[in-house]
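Notebook open, structure loaded. I want to look up a few spots and jot down what turns up.

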Amino acid sequence: MDILKTIAEYGVLPVLGLKHPETAPMTAAALRRGGLPLLEVTMRAPQAMDCLRSIKYDCPEMLVGAGTILSEEQACEAADAGADFIVTPGFNRKVVSRCIELGMPVVPGCVTPTEIEAGIELGLSTFKFFPSEALGGMETISQLCGPYKGIRFIPTSGIKLTNMESYLSSGCVAAVGGSFMAPAAMVEACCWDGITALCRQAVERSLGFSLAHIGINGSSREEGLATARWFAERFGFPVREGDRSNFAGTVVEACNEKFPGTFGHIAIGTLSVTRAAAYLMAKGIPLCDETATLSPEGEILALYLREEIGGFAVHIVKR
Ligand code: 3PG
């Protein structure tokens with residue numbers, strides 16, 4: 001399994017400072033029920049490593065990272081405890097090199113060009129961005145991604161349900177991390193249903209599904225344009241002509257030919273087609289991989305589901 005790819009497919013990484021090995025598996029189970037079968041346990045409490053160990057023992061399928069790793073010894077201890085990946089708050093060359101030797105995926109905190117270049121030199125492309133909000137959040141991340149193509153960040157600290165969308169709509173962000181879906185007070189109070197509910201909200205927001213447009217099939221350019229103008233005349237939507245279809249505002253795509261679907265298609269917008277595709281596939285919903293359209297950078301912009309509903313094909317599109 002490509003651990004970092006899987007983290008990016010979830011897009012949300014719970015980062016928890018667990019203290020009690022006896023309840024740690026219950027916390028993990030609450031996250032998993034909420035759609036997030038992954039977490040990073042920060043090594044800030046004396047029993048944090050035991051918490052990680054007990055989660056891996058009780059829920060081996062859970063993807064568990066060891067965070068706040070500050071030394072090579074701690075990295076080795078985490079590997080022995082069953083950690084699937086290592087997260088470090090800063091860039092420590094010795095720790096990162098040891099993780100690479102161990103074949104252990106590692107996400108070091110790199111927040112300056114110098115640190116990023118040091119990470120790239122060691123073959124890494126995913127970095128922690130910590131403490132995110134204090135360091136300028138998305139604005140700083142976007143600037144840092146300018147010179148370095150192909151790198152992505154996992155920002156943590158200060159991420160909440162209310163600001164996660166601004167991060168997750170960027171291709172520079174692999175996932176957001178934080179404790180907002182399992183706040184320490186809820187973990188201490190064993191409020192498992194509350195944690196599950198917060199995780200569900202986080203998953204929902206990370207996908208950001210909403211109606212993008214309705215596509216209406218046509219059989220000629222004249223027909224496609226006439227359909228787009230029908231909407232323009234009634235609702236004032238501006239017509240944008242294209243080669244294969246014409247848009248009336250953003251709501252109707254009037255096609256000049258038969259697109260997938262008996263009558264047309266329904267486009268569901270999402271913050272990330274890649275994340276949405278992974279989510280749908282995990283639910284057993286088949287997708288038509290051959291319909292994927294890509295940006296010049298290789299990001300998937302649109303993808304059809306295999307099923308039709310009510311005579312309409314359905315595709316997911318990047319919002
Ligand atoms: C971390 O260690 O990455 C952060 O402390 C998590 O930050 P948060 O509690 O603000 O989400």
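**Entry 1: the ligand.** A reminder to myself before anything else: this is a predicted model. I asked which residues surround the ligand. The list I got is Val15, Arg44, Lys128, Phe130, Thr156, Ser157, Gly158, Gly178 and Ser179. Sorted by class, that shell comes out as two nonpolar, five polar and two charged residues.

The side chain of Thr156 has an N or O atom 2.7 Å from a ligand oxygen. For Ser179 I also noted a side-chain N or O atom, at 2.7 Å from an oxygen of the ligand. Gly158 comes in through its backbone, with a polar atom 3.0 Å from a ligand oxygen. I then checked the ligand's area: on its own it exposes 320 Å², and the protein buries 79% of that.

**Entry 2: helix α1.** This helix covers residues 3–10, and I found Ile3, Thr6, Ile7 and Ala8 to be its buried residues. I remembered that an α-helix has 3.6 residues a turn, so residues three or four places apart point the same way. Ile3, Thr6 and Ile7 are among the buried ones here.

What covers them? I noted β1 (12–16), β2 (38–42), β3 (63–67), β4 (85–88), β7 (152–155) and α12 (273–282) as part of the cover. At its start, a side-chain oxygen of Asp2 comes to within 3.3 Å of the backbone nitrogen of Leu4. Just past the helix, Gly11 has a positive phi of about 80 degrees.

**Entry 3: Glu253.** I located Glu253 in strand β12, residues 252–255. Is Glu253 buried or exposed? Its relative accessible area is 8%, so I put it down as buried. The side chain of Ser245 makes a polar contact with that of Glu253 at 2.7 Å, and the His213 side chain makes one at 3.2 Å. Leaving out neighbours within four places in sequence, the contacts of Glu253 also include Ile214, Phe247, Phe259 and His265.

**Entry 4: His315.** This residue is in strand β16, residues 312–318. I noted His315 as buried, because its relative accessible area is 8%. With neighbours within four places set aside, His315 is in contact with His213 and His265, among others including Ile266, Ala302 and Tyr304.

Conventions. Residues are numbered from 1 along each chain as its sequence is written. This is a predicted model: local features need pLDDT of at least 70, side-chain atom pairs count only at pLDDT 80 or more; totals for chains, interfaces and linings use all residues. Side-chain values use heavy atoms; hydrogens and water are left out. A residue is near a molecule or strand if one of its heavy atoms lies within 4 Å of it. A polar contact is a pair of N or O atoms within 3.5 Å; within protein, one must be able to donate a hydrogen and the other to accept it, and residues adjacent in sequence count only if both atoms are side-chain atoms. Accessible areas come from the Shrake-Rupley method with a 1.4 Å probe; for residues, only the protein chains shown count as cover. Ala, Val, Leu, Ile, Met, Phe, Trp, Tyr, Cys and Pro count as nonpolar, Asp, Glu, Lys and Arg as charged, and the others, Gly among them, as polar. Buried means under 20% relative accessible area, exposed over 50%, partly exposed in between (1.4 Å probe, protein chains only). Helices (H or I, at least four residues) and strands (E, at least two) are DSSP runs, numbered from the N terminus. Contact means heavy atoms within 4.5 Å.
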